[in-house]
Amino acid sequence: ATYSIGSYQQTEKAENFFVNVDLDYDDKLIVSGMIRRDGSSSFGEDERYQTYYRGSLAYRITQDLDISNVQEWKVRASYGTSGQRPPFAAQYETYNVSAAGISPNILGNNAIKPSTVAELEIGTDLSFLDRFSFVANYALANVENDYLLVPLPPIAGYSAQWQNVGQIENKTLEFGLNGQLVNTKDVSWSFNVSWDKTSQTITDLGGVPPYTLAAGGALTLFRIEEGVSYGAMYGNIIATSLDQLITDADGFVINYGSGLTLSDFEVNPDGYVIQAGTHGTADESVVYVFDEATGERLVGKIGDTNPDFKMGISTNYSYKGFGVYALLDWVQGGDVYNYTKQLLYFNYRHEDLETYTNEGYHFNYMQGSSLYNLSDANQHFVEDASYVKLRELAFSYTLGQDKLGALGQYVSDVKFSVIGRNLLTFTNYTGWDPEVALRSNSTNYRLDEYAYPNFRTFSASVQVRF
């Protein structure tokens, strides 16, 4: 038998000091400010303390102006900084222990410090018609000294080191609207709608050359490079047009061996370039775009995890004692890399084998250096992860004191509820659930590697108020 034995101990010390000031002039001009000094043993021994600050200003316009059907209108702006602590082990050397011995793993960095997030936010709040509220925000955030696990050259003796080299710019626009559509003695109906869009771009790497992060068991996928969006996927590109093929001085295509010209290729029903006459045979194989400089398969952008926008819609309806609550989540755009599908191609277990076979393809088309691509990333496994989810649906019934009889003198009301969560998902994603992500970064690194889908759950409750 083989046993795996391990132990772990972590001790962290932190100190925090802050000064906060709030000023309110005539209930219309509101000023707030704070300075904070943070210290932590998670920072490198040369960077134990960091200083952060925040300032905000708000003006309630309706305190000076009387606007018809507008109960409240406020404009506001704020600017501040905060910090994110690096991993506990970032300042220490780590090693791999195996039956073969002990080998260096991560090089420690005693100058590691927290990343600094500086954010400017401007917005407005509006209440109108005695039943609606609207909010709008624009935020520009810059993350400086972001800590990234940077690969090291073999001469270093260690595979990588945590370094403060990253700078990321985030732009976010968000809107919210909620209101009371009906509010009578017997009927109440309210709603809430939120919408937001975020873009993230790596703006500086501090001189570190671009690199692609490992994701999953054997895949390098997420690109870290100046000017590239944070969450961009890079991999080999399958040619979808004969214009993408590269020819030498004699007119021969270099993408696919030698002795073939452009007339020897065609586009198959799947939309990929193949050698003419091989469709449906064991010789059918996709053609990859080549890099003219290196003569190797080109590595380029094949996807981006950042969605076009996200939206949430909820409503709450009640009629006498009956109540209904529903919540919809909508994510539009943003890609997921379906690594589960790619791995199942290799094992001849994905349903695509049956689909392709019924369409006249040979099973070799999905294997080896063709679509499977020897387990290297390519655009065939990048899928649009847009979805609409019925996140929650709840039904309730409340018995008031007037319906509780003699019990009413002791109990205010009794509420019975039935709640369902993750009930329905509408998506074109072919995996189990488009709402997947890599553990190390659940926001940006959207990779499906045998990810378990979200549970559909049902629950019931009884609430008694005295």
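This is a predicted model: local features need pLDDT of at least 70, side-chain atom pairs count only at pLDDT 80 or more; totals for chains, interfaces and linings use all residues.
Aspartate 27 counts as partly exposed, with a relative accessibility of 41%.
- The C-alpha trace spans about 90 × 60 × 60 Å along its principal axes.
- Of the 466 residues, 38% are buried.
- Among contacts with a separation of 6 or more, 63% are between residues 24 or more positions apart.
- The accessible surface is about 26,000 Å², and carbon and sulfur atoms supply 54% of that.

**Helix H1 and what covers it**
- H1 takes in residues 339-346 and is mostly covered, with six of its eight residues buried.
- The buried ones are Tyr339, Thr340, Lys341, Gln342, Leu343 and Tyr345.
- The cover over these residues includes helix H2 (352-358) and strands E13 (219-224), E20 (335-338), E21 (382-384) and E24 (447-448).
- H1 lies across E20, E21 and E24, and it runs at about 20° to E20.
- After H1 comes tyrosine 348, which has a positive phi near 60°.

**The sheet with E20**
- E21, E20 and E24 make an open sheet of three strands in the order E21-E20-E24, with mixed pairing.
- E21 and E24 are the edge strands, each with a single partner, so one side of each has no neighbour in the sheet.
- E20 and E24 pair in the parallel sense, over two bridges.
- Asparagine 338 sits opposite aspartate 448, which belongs to E24.
- As a reminder, strands of a sheet pair through backbone hydrogen bonds, either parallel or antiparallel.

**Salt bridges**
- The count for the model comes to 18 salt bridges.
- One of them joins the side chains of aspartate 27 and arginine 60, at 3.1 Å from N to O.
- That pair links distant parts of the chain: aspartate 27 is in the loop between strands E1 (14-25) and E2 (29-40), while arginine 60 is in strand E3 (residues 49-60), 33 residues apart.
- Arginine 60 counts as buried, at 17% relative accessibility, whereas aspartate 27 is partly exposed.
- Lysine 389 and glutamate 435 form another salt bridge, with their closest N and O atoms 2.9 Å apart.
- Lysine 389 is in strand E22 (residues 387-400) and glutamate 435 is in the loop between strand E23 (413-427) and E24, so this bridge ties together parts that are 46 residues apart in sequence.
- Glutamate 392 is buried, with a relative accessible area of 17%, and arginine 421 is partly exposed, with 33%.
- Salt bridges with shared partners also join Asp329, Lys389, Arg391, Asp433 and Glu435 into one network.

**Positive phi in loops**
- Most residues other than glycine have a negative phi.
- Aspartate 27 has a positive phi, near 60°, and is a residue other than glycine.
- Its place is the loop between E1 and E2.
- Asparagine 69, also a residue other than glycine, has a positive phi near 65°.
- Asparagine 69 is found in the loop between E3 and strand E4 (70-84), and it is partly exposed, with a relative accessible area of 47%.

Terms used: Residues are numbered from 1 along each chain as its sequence is written. Side-chain values use heavy atoms; hydrogens and water are left out. Buried means under 20% relative accessible area, exposed over 50%, partly exposed in between (1.4 Å probe, protein chains only). Helices (H or I, at least four residues) and strands (E, at least two) are DSSP runs, numbered from the N terminus. Contact means heavy atoms within 4.5 Å. A salt bridge is a side-chain nitrogen of Lys or Arg within 4 Å of a carboxyl oxygen of Asp or Glu. Two strands pair if DSSP finds at least two bridges between them. Axes are lines fitted to C-alpha atoms, for helices over the stretch in contact, and angles run from 0 to 180 degrees between N-to-C directions. Accessible areas come from the Shrake-Rupley method with a 1.4 Å probe; for residues, only the protein chains shown count as cover.
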